Amino acid sequence: MTTTAPTTETKPETGRGMRFVGWASNYIDERTSISGLVRELGRKIFPDHWSFMLGEVALYSFIVILLSGTFLTFFFQASMVPVIYDGSYVPLKGIEMSVAMQSTLDISFDIRGGLLMRQVHHWAALLFVASIGLHMLRVFFTGAFRKPREINWVIGFVLFILAMAEGFTGYSLPDDLLSGNGLRIIDGMVKGVPIVGTWISYLLFGGEFPGFDIVGRLYVLHILLLPAILIAALGVHMVLLVINKHTQFAAPGRTNDNVVGVPIMPVFAAKAGGFFFIIFGVIVLIASLFQINPIWAYGPYDPSPVSAGTQPDWYIGFADGALRLVPPGWEVVIFGFTLSLNILIPLLVLPLFLAIVAFYPFLEGWITGDKREHHMADRPRNAPTRTAIGAAGVTFYAVLWAAASSDLIATHFKLTIEGVINALQALLFVAPVVAYFVAKRVCLALQKKDREIALHGFESGRIVRLPGGEYIEVHEQLDEYERWKLVSYTDYKPLMIRPDERGRITVRQRIRAGFSRWFFEDRIEPVKQTELEAGHGEHH
Amino acid sequence: MAKNKKATGRRHPLASVALLLIGLMASGGAYALFTSSATAETQAAQDALVEEGGKLFAANCATCHGMALQGTSQAPSLVGVGAAAVDFQVGTGRMPMAATGPQAEQKPPQFTEEQIAALAAYVASRGPGPSIPDEKYLQGDGDAAIGAELFRINCAMCHNVAGAGGALTEGKFAPPLTDVEAVYVYEAMLTGPQNMPVFNDHNISPEDKANIITYLKFLDEEPSVGGFGLGNLGPVSEGLFIWIFGLGAIVAITVWLTAKSN
């Protein structure tokens, strides 16, 4: 059930324009029965909260990427055939490069609006992945992935991976020095896989690196295969969003069974349309003012030079950082074959980290044993253990991310690069633990504060002397609406170990109970009605 | 004009010859006189320069580099480093060092140009070494494309493709090359200061050094294509920018859009 503000009935207009609109809508509806869809979709309710718009930011930047990318496909040539550059950029004149690089330079220097489109495409891509990341964090910390939205979380995760894959394949297309160095790292990682690595590398690059095939292959992935899968997954993501309805924060009148907000048609659609143009505008503003990926400075790819400060785009940074943090000498020689643990361990740890992210809703669901549907978004403080886990994960990721720029940290803060790496190696293990405990304690403290405020109100600082001579400080009570926000959240208790029907306690149950205890041992109970009533009597 | 009048004085038939002789004698004599004295003066000036350089060296450099340039446990020998090395190290303020550290840091020069020239002359007089480069290689009129390619192959791994600098081991670093004077770029290649390798004339010819200088001048003078360069640090500064300013601006907009009107 959805609740909306009552709409006022308006008299149908009888002007010529309205008659035409009426006739046209009727014409289309009689042939497509679209009114049912419009009724369903048009009445979908969106609650108003800034953090609920982050997914929209991702969607709109994706549309910007599609538009600018289509422009670029008209001029980009995905070929690695060597040519001699003879375009406008003087310091590359007469230099041998691939057609891919040449056409990218032509887009940048010789095609009207080409450089702006390239920069719009690249900045929008960075914003796309960044907004997906922030959107995921919002969903995670508000518990919006819980039943019935677990599947949509996984689809969203797939979209995140696809966005990174799109980004990386796009970064590799211009065949400049930076992208070639990135591909060389991928080649090295693939070759680090025992037995099959070299074969896969030859298969991928069509021979010895760099070969003449990779740009063409990545281009097919970048503009055909990955976008097709991405758009399909995006479609499912949106359909599930409509089916599952939107979550909302606790407020008066909002329950687990309704959604309070504005319907898509007409207000939200207008707002969203405006928001799309705002996002578009911000991207174009950034793209017109700030240079991104100046391939003319990097020059054409040549396996011999590697520039200082070579980094991938930010969203691949965590993987680059993982490689940088491996201590030297992690190699084992077995029967004359070198086992590159320095590559294999990051190759195992990173997918494990991503897998935990992808399957977190199921893990938490199993630990809590909660099979109920949840449509109310948690305030992060009201799920202290989840928030702490999230904080630890964010910190782990952030350390890996920082490690990708270890050399720039060293030069800009006048440190030794070894010192930076060693500090980050330690932080990779220590910082998530610290973040976990700090976040958990902060959440519990905030809950206690909320409880205190709900029960006793704010200290007003006004001291009143009673007729009997007693001094009291007047506490200002919250009104019902404000208090509701503080006291309404689901309370969990650790699961009890219960014997099953055959009277046994299985190991699985013990493990689950252990996890459940870890999750809910430290908790602040929501204020009960009786407590509230008891609290109201004494205004001190 | 009287034809029969006896020609005397300046109208004498031999007058022009005499004049010519006098002129030649005077100019030749003066030339001989002046050139001999000029050589003597240059030599004297050079000696004075070396002498002054010696005093400056003894007062400012000898503590670490030794009175006879032989070097000590604190600093290397300067025999044979040449005038180019002195001009680079002292001219960019790297020498004298303010403090011992991973490497000598650039700072405002301690000496005037004359004093630097004196020091360079003194050090050059104590052993043959690379001299200060000829002006013709420093004009930035070479081939920027060849220079750029040489830069990518030889320099970019430490100095970054855009010359933005980069990290080396143990706190050492390759400094940014933006707005560095051509003569110092040339001298650095020639003498290999700090941790930089030497690129001698067999390795990179003087013409190619001039090409590299041309490319660096191009980078300095060319307006940044496509907008502000964000320090030319590549994807790290781009990523930070999109998170802080891009997404920051957009989050601010979302907060504004969903704010309740009072």
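Two strands count as a pair when DSSP finds at least two bridges between them. Keep that in mind as we walk through this model, which is a predicted one.

Let's start toward the end of chain A, with strands E9 and E10. E9 of chain A covers residues 458-465, E10 of chain A covers residues 471-476, and the two run antiparallel, joined by six bridges. If you'd like to find one of the pairings by eye, look for A:Arg465, whose bridge partner in E10(A) is A:Tyr471. The two strands make a hairpin with five residues between them, and A:Gly469 in this hairpin has a positive phi near 100 degrees.

Now step back along the chain to helix H16 of chain A, residues 417-456. This helix isn't straight: at A:Leu427 it bends by about 45 degrees.

Chain A has another hairpin to look at, made by E6 and E7. Strand E6 of chain A (residues 331-334) and strand E7 of chain A (residues 337-340) pair in the antiparallel sense, with four bridges. Here A:Val333 has A:Thr338 in E7(A) as its bridge partner. Two residues sit between these strands, and A:Phe335 in the turn takes a positive phi of about 50 degrees.

A couple of loop residues in chain A also have positive phi without being glycine. One is A:Ser33, at about 50 degrees, in the loop between helix H1 (16-32) and helix H2 (34-42) of chain A. Is A:Ser33 buried or exposed? It has 9 C-beta neighbours inside 10 Å, so A:Ser33 counts as exposed. Another is A:Ile195, with phi near 65 degrees, found in the loop between helix H7 (177-191) and H8 of chain A. A:Ile195 has 8 other C-beta atoms within 10 Å, so it is exposed too.

While you're in the loops, check for cis peptide bonds. A:Phe209 and A:Pro210 are joined by one, with omega about -5 degrees; A:Pro210 belongs to the loop between helix H8 (197-205) and helix H9 (214-244) of chain A. In chain B, a cis bond links B:Met95 to B:Pro96, with omega about -10 degrees, and B:Pro96 sits in the loop between helix H3 (82-91) and helix H4 (113-125) of chain B.

What about the inside? The largest nonpolar core has 162 residues, and those with the most contacts inside it are A:Trp123, A:Phe128, A:Ile283 and B:Ala120. Helix H5 of chain A (residues 114-141) gives the largest share of this core, 15 residues. Beyond its neighbours within four places in sequence, A:Trp123 is in contact with A:Ile283, A:Ile286, A:Ala287, A:Ile292 and, from the other chain, B:Ile242.

That brings us to where the chains meet. The contact takes 56 residues from chain A and 50 residues from chain B. Several elements of chain B give two or more residues to its side, including helix H5 (144-154), strand E1 (166-167) and helix H8 (206-221). The largest share comes from H9(B), with 17 residues. By class, the side of chain B that touches chain A has 31 nonpolar, 15 polar and four charged residues.

Finally, look within chain B, which is divided into domain 1 (44-130) and domain 2 (133-225). The C-alpha centres of these domains lie 23 Å apart. Where they touch, domain 1 of chain B contributes 14 residues and domain 2 of chain B contributes 13 residues. The domain 1 side of that contact is made up of seven nonpolar, six polar and one charged residues.

Methods: Residues numbered from 1 in each chain as written. Chains lettered and ligands numbered in written order. Predicted model: local features only at pLDDT ≥ 70, side-chain atom pairs only at ≥ 80, totals over all residues. Bend = angle between axes of the 7 residues up to and from the residue. Core = buried A, V, L, I, M, F, W, Y, C linked by C-beta atoms within 7 Å. Buried ≥ 20, exposed ≤ 12 C-beta atoms within 10 Å, placed from the backbone. Contact = placed C-beta atoms within 7 Å. Nonpolar A, V, L, I, M, F, W, Y, C, P; charged D, E, K, R; others polar. Domains from an automatic or database assignment.
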